[in-house]
Amino acid sequence: MVSLINVIKKYEVNENESVIALDKINLEIKEGQVVVLRGSSGSGKSTILSLIAALSKPTSGEVLVDGDRVSKLPDNFASDFRRHTIGFVFQKYNLIPTLSVKENIILPLVPMNLSEKEIKEKLQRVLRMFNIEHKGTQLVKSLSGGEQQRVAIARANINNPKIILADEPTANLDEKLSLSFIEIIKELKSEGKTIIIATHDPLFFGLDIVDEEIEIYQGKIV
Amino acid sequence: MRNKINFYIVEYAINSLLRQKYKTIFISIVFSILVFLLSSLFFITNSIKYELKQTLEALPEITVQKIKAGRHYDIDVSAVDEILNIRGVSSAVARVWGYYYFENAGVNFSLVGIDEYEEQYKKSFVEVASNLDFTKPSMIVGEGVKGVMDKSYYKEYFNFIKPDGTLKRVDISATFKAQSELESNDVIIMSKDSVREIFDISQTKATDIVVRVANFNEVATVASKIKLLYPDTRVITKDDLKISYQNIFDYKSGIFLALFSVSLFTFFIIIYDRVSGLSSEQKREIGILKAVGWRVDDVLREKFYEGFIVSIFSYLFGITLSLAFVYILKAPLLQNIFIGYSQLKTSFNLPFVFDIQTLALIFFLSVPIYIAAIIIPSWRSATLEADEVIR
């Protein structure tokens, strides 16, 4: 399903200096698996998610999703790929604070020019699924952290993608909300989705729903 | 599918503008003011150019004035016959005219005398002459004059005060509108005899003589012959008048240019501000849109709609305001810059001149530039890796 082959990612600090974020990473994740990428801050977990979502390109090596080389996709195709295949839950949620819950959730649908009926159906599905129906018209900035996260997960699921990527999903949540997030993951897994979580939260370690834990340290798989 | 207009993106653009309503309102107001100022200047210039053209076309080829001690004096009517003898002259008419100061309103009227059987030196006077009753003291007045007289309750006649202090009553028989407002607005036309009486000009004298020359190329030669014949006169050709009119207009155009430059300068400051970059908030929003699956062209389309909505609204609003300001309110303040005190004191209506080129020029100076100023920085941001922007 998802393969990283000899992936190196360097970030240019300035003309003469660069930082190696990932160093010859090889990774294979099967369809329907829940995989946890463990590691401290700056270890390269988020970079792996970013490469799988085609939000950035590797310096060398290849990223394959369903056999497609997403690391070589031109920008517009990468956008199409994200829209249809990936649901990304960002660490800071990356919601647009001045839009309402509904408006944030349907953002991935806007360029698709679907009928109003289709949009409504998809929206109702995720609003119900993540129990935020009553928050639809509220501005995102007025929501609590846990509610914002549910909006972010709803947005990630609006197109019913095959792969869910979650970057430090519980970093801004208390324990109760973190446990509620794990329940959501269980539900998504039951739908057959492939879920990759980058985290350093011990709550995810040794969970029965997690099929594989991968430790990342200084850009390498340990 | 992608070629259809995506109204969700249009809706997003409108909502995006509404979310930043104070900024949107501010930009729209500044944009509208600039379009308003630019178009008002253009509209006034076009109208005055039109007036000027009409006025210049109506001018005689040569005007002969008697000069004494550097001042303009009445000329002998007998000079007309002598001038008619010069080869190339097709007509010579002694004009009787002058300015009458109407103290109540503080305005000058131009009194022009015409003869019933004389060849009219202005085309616009031909019809006037046929309507004027030469059997009694009557006059046909310009629309501006009519307005001034009405305000002073002179609705049917007017009492002119002669140099000896006695009154001369002249009936208002009609109003007239010549092709050019500049020319006709302060004009009163009556019989030469009435004008002579009001200004105390004897039958043997005239204010000046206007000469028509059949062949335009001979104007300079005829003018020099008149000068030789009457060394105590000033012989003014149409070209001389054109130059002096044009000089005044060019001077006014200089002021126009200054205003125009200031407007453009302000506009380009806004543009520079726009092009020089997006706020971190705006960059982040573009990054989020890319991250959730918007293509670069979706982002640019949305930004295009934003720029288009603001600029087209401001353009249309500015033009509408300007049309109302120039042609309904008669361009208070700005009109004075172009017309000046000396030409007219009576009210002056700028003729409506519809010039599609002017509208197009203002459009191309504003709308596409503004849209480009929105799109360029957005494109720069949208083509960055989304990861780089939202991290």
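Two residues are in contact if their C-beta atoms, placed from the backbone, lie within 7 Å. Axes are lines fitted to C-alpha atoms, for helices over the stretch in contact, and angles between N-to-C directions run from 0 to 180 degrees. Helices (H or I, at least four residues) and strands (E, at least two) are DSSP runs numbered from the N terminus.

## Basis of the model

This is a predicted model, in which local features need pLDDT of at least 70 and side-chain atom pairs count only at pLDDT 80 or more, while totals for chains, interfaces and linings use all residues. Residues are numbered from 1 along each chain as its sequence is written, and chains are lettered from A and ligands numbered from 1 in the order in which they are written.

## Four-stranded sheet of chain A

Chain A has an open sheet of four strands, ordered β2-β1-β4-β5, with antiparallel pairing; two strands pair if DSSP finds at least two bridges between them. The edges are β2 (18-29) and β5 (68-69) of chain A, each with a single partner strand, so one side of each has no neighbour in the sheet.

Five bridges link β1 (residues 2-12) and β4 (residues 60-65) of chain A in the antiparallel sense. Among the paired residues, A:L4 has A:V63 in β4(A) as its bridge partner. Helix α1(A) lies across β1, β2 and β4 of chain A and runs at about 115° to β1(A).

## Six-stranded sheet of chain A

Another open sheet in chain A holds six strands in the order β6-β7-β8-β3-β9-β10, and its pairing is mixed. Here β6 (86-89) and β10 (220-221) of chain A are at the edges with a single partner strand each, so one side of each is left without a neighbour in the sheet.

Strands β6(A) and β7(A) (residues 163-167) run parallel and are joined by four bridges. A:V89 is opposite A:A166 of β7(A). Helix α1 (residues 45-52) of chain A packs on this sheet, touching β3 (34-38), β7, β8 (194-199) and β9 (212-217) of chain A, and its direction makes about 150° with that of β8(A).

## Helix pair of chain B

In chain B, α11 (residues 296-328) and α13 (residues 356-382) pack at an angle of about 155°, with axes 9 Å apart. The pair is therefore roughly antiparallel, a term for angles over 145 degrees.

The contact includes B:F304, B:F308 and B:Y315 of α11(B), and B:F363, B:Y370 and B:W379 of α13(B). Its residues divide into 17 nonpolar, four polar and two charged. For this count, Ala, Val, Leu, Ile, Met, Phe, Trp, Tyr, Cys and Pro are nonpolar, Asp, Glu, Lys and Arg are charged, and the others, Gly among them, are polar.

Definitions and conventions:
Parallel < 35°, antiparallel > 145°, perpendicular 65-115°, else oblique.
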